[in-house]
Amino acid sequence: MKNKLRMPHPATMFLLLTGAVIMLSWIFDIYGIRVIHPQTGEAIRTQSLLSPEGIRWLLRHVITNFTGFAPLGMVMVAMFGVGVAEHSGFINACIRQSLRKHPSKDAVILLVIFLGIISNIVGDAGYIILIPIAATLFRSVSLHPVAGIVTAYVSVACGFSANLFLSTLDPLLARSTQEAAATMISYRGNVGPLCNYYFMFASTFVITAVIYLITRKSLLPALGEYTGSVPYGSYKSLTRKERRGLFIALGSGLLYSLLIIFATFSPWGILRGVTGSLARSPFIFGVLFIISFGIGLMGAIYGFASGRYRKDSDVISGLSHPMQLLGLYFVIAFFASQMFACFEYSHLDKCLAIMGANMLASVHTNSFVTLLLFIAFTAVINLIMVSATAKWSFMAFIFVPMFSAMGISPDLTQCAFRIGDSATNAITPFLFYMPLILTYMQQYDKQASYGTLLKYTWRYSFFILIAWTIFFIFWYLLRIPLGV
């Protein structure tokens, strides 16, 4: 697979981005650019990384920038469980068992897309756990593994707001929307976590259709047949011992899941928060470990039951199995962590986002046209400030009152924000999990870079944004309730 864009290695790319952030912070500081946070009234000014204080900060925090990089620990914990499941042969056995009926390629593609979109039920776990499994699934039906990575990635990233179920994002956004709405004396309503549920439920099918069509019509033909060096064993039936091991492992996984459900939703509820809710509860904070432990547990049980494992050192070998892949990830993540930390320290993201929001707020046009411009603006700002909750924590206090004055309800404003916020997740280099995605890709294509990824993902972001916006317009014109 040739990389026509000839982008630098991902680690080099993040080093260059760090240099660009440093230079921009210096330029913004020279001109004294500052903004006012709409919620707190606090003045935010760009901090130069070339000032004496900025240089001292960078030298003091080079190590902690890396060790404190949010995805680093999450990736390691998740990969422990996946490593055991792969090393023991559990994942391979699951795929071989599912291939007994020879599922179609379309079924595998749709399964990956659907799982990617609904994965935001458990936060960011889809980025870490689903994507490498998607590559293996695509290989199992003779599809290019990089197509599996890209398909799973855009499903998780661009479909982050849509879901058939209530996700961890819904209550967080609703809280900021309610706080912003409460600043208006005339507003007496209540914005709850389910205020966009009907629309996001239906959007799941719209996004699934768009991703499937682009994957089938554009991505797979562009990638062609995989001719790389990563081996994959051809299908063969499970032996009696392997079937028994798989049955015991899946049964153990079911019991483990029931235990977690009981500990979360029963009256005992030890995994719920102190107030009895799931928001900021042990379950939400520990969900990635819970999933990883469950996958690793099934993998270990399968290993012992099938005869692949005989002693505890075999399990330890499984835990260390992903370290070769993570070695490359650590290198990329080191440079990425410096770039993200410098970006946050300089306040460039907040200054640019608030300046842009204030400019859009000054536009005077038809209320619904302004709402569509708001979707486009959010999609652009999302390229430099990816966190939905961080953006909405100040954008809500600008746009909720503004659109309310135009007769647009807070829940409709929040819904428009979520469309723009999700659509461009797949193309921004500032996504926290970008280093991991590039690492997965380099496992199958040593020349893969951000340019390679962008070449395949821009169509998804563009057409999802267009299709989702059109769907939003029809929903609005038909006056269907957005949620509860």
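Predicted model: local features only at pLDDT ≥ 70, side-chain atom pairs only at ≥ 80, totals over all residues.
Across the whole structure, a search identifies 7 salt bridges. Side chains of opposite charge can pair when their charged atoms come close. In the pair formed by Asp29 and Arg45, the closest N and O atoms lie 3.9 Å apart, a value to be read against the cut-off of 4 Å that is applied to such pairs.

A second salt bridge joins Asp106 to Arg216, with 2.8 Å between the closest N and O atoms. Asp106 is located in helix 5 (residues 105-118) and Arg216 in helix 9 (residues 197-223), so that parts 110 residues apart in sequence are tied together by the pair. Here too the two side chains belong to residues classed as partly exposed, the relative accessible area being 28% for Asp106 and 29% for Arg216.

The salt bridge between Asp421 and Lys391 has an N to O distance of 2.6 Å. This pair links distant parts of the chain, since Asp421 is found in helix 18 (residues 410-423) and Lys391 in helix 17 (residues 388-405), 30 residues apart. Asp421 has a relative accessibility of 2% and therefore counts as buried, and Lys391, at 0%, likewise counts as buried, the threshold for this class being under 20%. Salt bridges also link Glu53, Arg56 and Arg60 into a network.

Helix 3 (residues 70-87) was examined for its length and its burial. With 18 residues and 1.5 Å a residue, this helix should span 26 Å, and the distance of 26 Å between its end C-alpha atoms agrees with that expectation. Several positions in helix 3 are buried, including Pro71, Leu72, Val75, Ala78 and Met79; also buried in this helix are Gly81, Val82, Gly83, Val84 and Ala85. After helix 3 comes Gly89, a residue with a positive phi, near 90°.

The volume of the largest cavity is about 70 Å³, and 13 residues line it, of which Phe165, Asp170, Tyr197, Met200 and Arg418 are the closest to its centre. In terms of residue class, the lining of the largest cavity comprises 7 nonpolar, 4 polar and 2 charged residues.

When its neighbours within four places in sequence are left aside, Ile22 is in contact with Leu49 and Leu50. By contrast, Ile473 is 451 residues from Ile22 along the chain, and the C-alpha atoms of these two residues are separated by 41 Å.

Definitions and conventions
Residues numbered from 1 in each chain as written. Heavy atoms only, no water. Salt bridge = Lys/Arg side-chain N within 4 Å of Asp/Glu carboxyl O. Helix = DSSP H or I, 4+ residues; strand = E, 2+ residues; numbered from the N terminus. Buried < 20%, exposed > 50% of the residue type's maximum accessible area, 1.4 Å probe, protein only. Expected span 1.5 Å × (residues − 1). 1 Å grid on protein atoms, 1.4 Å probe; cavity = no way out; pocket = protein on both sides within 12 Å on 5 of 7 lines; lining within 4 Å. Points joined across faces, edges and corners; volume = space filled by probe spheres on them. Nonpolar A, V, L, I, M, F, W, Y, C, P; charged D, E, K, R; others polar. Contact = heavy atoms within 4.5 Å.
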